[in-house]
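Hi,

Here is the structure I promised to pass on. Have a look at it first, and then read my notes below.

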Amino acid sequence: MGVQQEAGVGGEALEVWIDQDLCTGDGICVQYAPEVFELDIDGLAYVKSADDELLQAKGSTTPVPLPLLPDVVDSARECPGDCIHVRRVSDSVEVYGPDAE
């Protein structure tokens, strides 16, 4: 699986976004990476900006800090709603999540 190595080791910038239409509000993502994800008052998960601001606009993305990549990837894998998408910034190709190749 070359994708994993390319994404993590190549040092390529990655971003993550959540499809709130599919979010179950389970909160697994917040347990894995509270620096990146947060449950809002509506019970759904959202990504946070680098300065900890909740990004509620549909399709909002936030950069994935390299030290948190394993946690973000685990969030995407364990998410019961399959709603967490991690993609390369350079070409918007999804590397982790339901639409990853």
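Let me start with Lys58: at 64% relative accessibility, this residue counts as exposed. Keep in mind that this is a predicted model. The partner of Lys58 is Asp21, and their side chains meet in a salt bridge at 2.9 Å, N to O. Asp21 sits in the loop between strand 1 and helix 2 (28-32), while Lys58 is in the loop between strand 4 and strand 5 (61-63), so the pair ties together parts that are 37 residues apart in sequence. Asp21 counts as exposed too, with 62% relative accessibility.

How many salt bridges are there? The count comes to six.

One is formed by Lys48 and Glu38, whose closest N and O atoms are 3.4 Å apart. This pair links distant parts of the chain, with Lys48 in strand 3 and Glu38 in strand 2, 10 residues apart. Is Lys48 buried or exposed? Lys48 counts as buried, because its relative accessibility is 7% and the cut-off for buried is under 20%. Glu38, at 30%, counts as partly exposed.

The other one joins Glu12 and Arg88, with 3.8 Å from N to O. It also links distant parts of the chain: Glu12 belongs to the loop between helix 1 (2-9) and strand 1 (14-18), Arg88 belongs to strand 6 (residues 84-88), and the two are 76 residues apart. Arg88 counts as buried at 11% relative accessibility, whereas Glu12 is partly exposed, with a relative accessible area of 28%.

Three strands make up an open sheet, ordered 2-3-4, with antiparallel pairing. Which strands are at the edges? They are strand 2 (37-39) and strand 4 (54-55), each of which pairs on one side only. Between strand 2 and strand 3 (residues 45-48), the antiparallel pairing runs over three bridges. If you want a spot to check by eye, take Phe37, whose bridge partner in strand 3 is Val47.

So much for my notes; the structure is yours now.

Cheers

How values were computed. Residues are numbered from 1 along each chain as its sequence is written. This is a predicted model: local features need pLDDT of at least 70, side-chain atom pairs count only at pLDDT 80 or more; totals for chains, interfaces and linings use all residues. Side-chain values use heavy atoms; hydrogens and water are left out. Two strands pair if DSSP finds at least two bridges between them. Helices (H or I, at least four residues) and strands (E, at least two) are DSSP runs, numbered from the N terminus. A salt bridge is a side-chain nitrogen of Lys or Arg within 4 Å of a carboxyl oxygen of Asp or Glu. Buried means under 20% relative accessible area, exposed over 50%, partly exposed in between (1.4 Å probe, protein chains only).
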